[in-house]
Amino acid sequence: MEAVPSRLSLQSLARASLPSLSRPSLPSPSLLLLHRRLTAFSIALPSFARKQSLAASPLRPFAVLSEQSDLSEHTAAIIDGKLISKQIKDEIASEISRMKDAIGIVPGLAVILVGTRKDSQTYVRNKKKGCELVGITSHEALLPEDASEEDVLRLVSGFNDDPAVHGILVQLPLPKHMNEGKVMDAISIYKDVDGFHPLNVGYLAMQGKNPLFVPCTPKGCLELLSRSGINIEGKRAVVIGRSNIVGIPAALLLQKQNATVSIIHSKTKDPEKITREADIIIAAVGVPNLVRGSWIKPGAVVIDVGINPVNDPTAPRGYKLVGDVCFDEACKVASAITPVPGGVGPMTIAMLLSNTLDSAKRMHNFK
């Protein structure tokens, strides 16, 4: 049997076949067709290693990864977080309907918001919309900025004891006069759908153990890779950032899937060199355009968690949102990349809804 070319050799062949793509003039139709076929095939190769067939899941790489239309500037495929999150929400809604019909239970999510921060209010509003979309009952508790820590703990305790609530989320950050750690620790581990409870984080870090819940954003990153047909096992992965919310759990999840993982942080020497060795990059550091094209190995997959406002006088609001990765440069090197916005962001709420459903099914032993 004829050997299947590697992803990198295919990309090299595509570039060699399209020398005119680096010039302003457009390539001929035949060369465009060749480039499209080679790019699509090279992106899809990892999925062939999976045991299930392409028909096993309705959403496979070709539905998730979309080529840039302007081939004269970009070669990377786009990992469409909006598309993937919509499919996940559709799956959740279907499962909730099945659960309601079978045992009469509807999952419930409680959200506690303290203060009037605009960004926090937006996040809570989006979570409520997500609940309504899939059929989860939303329980809201709104407290003023000057509420006491005891007020929040009292609400957490009440939701812990409420059988109609299967997940509890305290919107962060809390006001400075409150101890966030104490509040988060008070949430029952069985309702910790944010995945921040110390026991859940501990189980995530242990071999042979699985947490009840995984933090939503890193879980979403891994789901993007999985549903895009990107194999993780045996790959070199670099996580840029070591926050408790994204960086650390993302690294632990990659390790559980047998990647060789490095974490880049503020004290790392020569981060560019280390990042350039990665097959998979997850950037979650909160610095606009930190990761340049020169940091990325040709053919690497880039998941950009960052969402940073930068001044843009031409934008309606005077600013635009960019990631931690310089998208324009990365597109010319990576094989696939998430956009900002529209990549990781939609996945975070989808994973919160998924965790809430899992909690309800676990509590009621529903299979």
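Reply: Start with the charge over a ring: the charged end of Arg362 sits over the ring of Phe213, 5.0 Å from the ring's centre. A charge sits over a ring if NZ of Lys or CZ of Arg is within 6 Å of the ring centre and within 35 degrees of the ring normal. Bear in mind that this is a predicted model, where local features need pLDDT of at least 70, side-chain atom pairs count only at pLDDT 80 or more, and totals for chains, interfaces and linings use all residues. Residues are numbered from 1 along each chain as its sequence is written, and side-chain values use heavy atoms, with hydrogens and water left out.

Me: OK. How many aromatic pairs does a search of the whole structure find?

Reply: The search finds 0. Rings of Phe, Tyr and Trp (its six-membered ring) pair if their centres lie within 6.5 Å; planes under 30 degrees apart count as stacked, over 60 as edge-to-face and the rest as tilted.

Me: Cysteines next. How many disulfides does the structure hold?

Reply: It holds 0 disulfides, a disulfide being a pair of cysteine sulfur atoms within 2.5 Å.

Me: Changing topic. How much space lies in the largest pocket?

Reply: About 1800 Å³. Of the 47 residues that line the pocket, the closest to its centre are Tyr123, Thr217, Ile307, Gly345 and Thr348. On a 1 Å grid over the protein atoms alone, a pocket is an open set of points where a 1.4 Å probe fits, with protein on both sides within 12 Å along at least five of seven lines; lining residues have an atom within 4 Å of a point. Points are joined across faces, edges and corners, and the volume is the space filled by probe spheres set on them.

Me: Which element gives the most to the lining?

Reply: Helix 5, with 6 residues. Elements giving two or more residues include helix 5 (118–134), helix 9 (216–227) and helix 13 (345–363). Helices (H or I, at least four residues) and strands (E, at least two) are DSSP runs, numbered from the N terminus.

Me: What is the lining by class?

Reply: It has 24 nonpolar, 14 polar and 9 charged residues. Ala, Val, Leu, Ile, Met, Phe, Trp, Tyr, Cys and Pro count as nonpolar, Asp, Glu, Lys and Arg as charged, and the others, Gly among them, as polar.

Me: Now the backbone. Where is Pro341?

Reply: Pro341 is in the loop between strand 12 (336–337) and helix 13, and the peptide bond from Val340 to Pro341 is cis, with omega near -5°. The bond from Leu172 to Pro173 is also cis, with omega near 5°. Pro173 is in the loop between strand 5 and helix 7 (180–186).

Me: What else is found in that loop between strand 5 and helix 7?

Reply: Lys176 is found there, and Lys176 is exposed at 88% relative accessible area.

Me: Last one. What is phi of Asp270?

Reply: Near 55°, a positive value in a residue other than glycine. Asp270 is partly exposed, at 44%. Asn289 also has a positive phi, of about 55°, and counts as partly exposed at 26% relative accessibility.

Methods:
Buried < 20%, exposed > 50% of the residue type's maximum accessible area, 1.4 Å probe, protein only.
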